Amino acid sequence: MAYLFANALPADELPVLDAGALPPDVSDNDPYAQQIRLLYQAGVLQGNDASGAFQGDQPITRAQATAILTRLALPGQRTA
């Protein structure tokens, strides 16, 4: 899903809001790490817990997908 969301818009529509916003549970060797980091740094993904974990081994919920789509469609909803 991160791959699809990251490629839903041109790269210039996902500017870096916070270069330090990286999920603690994603390493460079993980599949789609580049897309996950792009979405975190653009404020589209914010994590599933207080540490900002991505938890890529868990299924995405409809509520999470809706929040992500809202942040993609309405850049004002993104936070750094």
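Is Leu9 buried, partly exposed or exposed, and what is its relative accessible area? I looked this up in what is a predicted model, and I noted that Leu9 is partly exposed, with a relative accessible area of 27%.

Entry on Leu9. I placed Leu9 in the loop between α1 and α2, and then listed what it touches: leaving out residues up to four places away in sequence, Leu9 is in contact with Leu14, Leu72 and Arg78.

Entry on helix α3. I followed α3 over residues 62-73, which makes twelve residues, and its reach from first C-alpha to last is 16 Å, close to the 16 Å expected at 1.5 Å a residue. I then asked which residues of α3 are buried, and wrote down Ala65, Ile68, Arg71 and Leu72. These cover an arc of only 125° around the axis, which means that they lie on the same side of α3. On the face turned away from that buried side I found the exposed residues Arg62, Ala63 and Ala73, while the cover over the buried residues includes α1 (2-6).

Entry on the surface. I recorded a nonpolar patch formed by Met1, Tyr3, Leu4, Tyr32 and Ile60, which together have about 530 Å² of accessible area. One of its members, Tyr32, lies in the loop between α1 and α2 (33-41), and I noted Tyr32 as partly exposed, with a relative accessible area of 48%.

Key:
Residues are numbered from 1 along each chain as its sequence is written. This is a predicted model: local features need pLDDT of at least 70, side-chain atom pairs count only at pLDDT 80 or more; totals for chains, interfaces and linings use all residues. Side-chain values use heavy atoms; hydrogens and water are left out. Helices (H or I, at least four residues) and strands (E, at least two) are DSSP runs, numbered from the N terminus. The expected span of a helix is 1.5 Å times one less than its number of residues. Buried means under 20% relative accessible area, exposed over 50%, partly exposed in between (1.4 Å probe, protein chains only). The arc is that of the directions from the helix axis to the C-beta atoms. Contact means heavy atoms within 4.5 Å. Patches are made of residues with over 30% relative accessible area and no salt bridge: like charges are joined within 9 Å, nonpolar side chains (Val, Leu, Ile, Met, Phe, Trp, Tyr) within 5 Å. Accessible areas come from the Shrake-Rupley method with a 1.4 Å probe; for residues, only the protein chains shown count as cover. A salt bridge is a side-chain nitrogen of Lys or Arg within 4 Å of a carboxyl oxygen of Asp or Glu.
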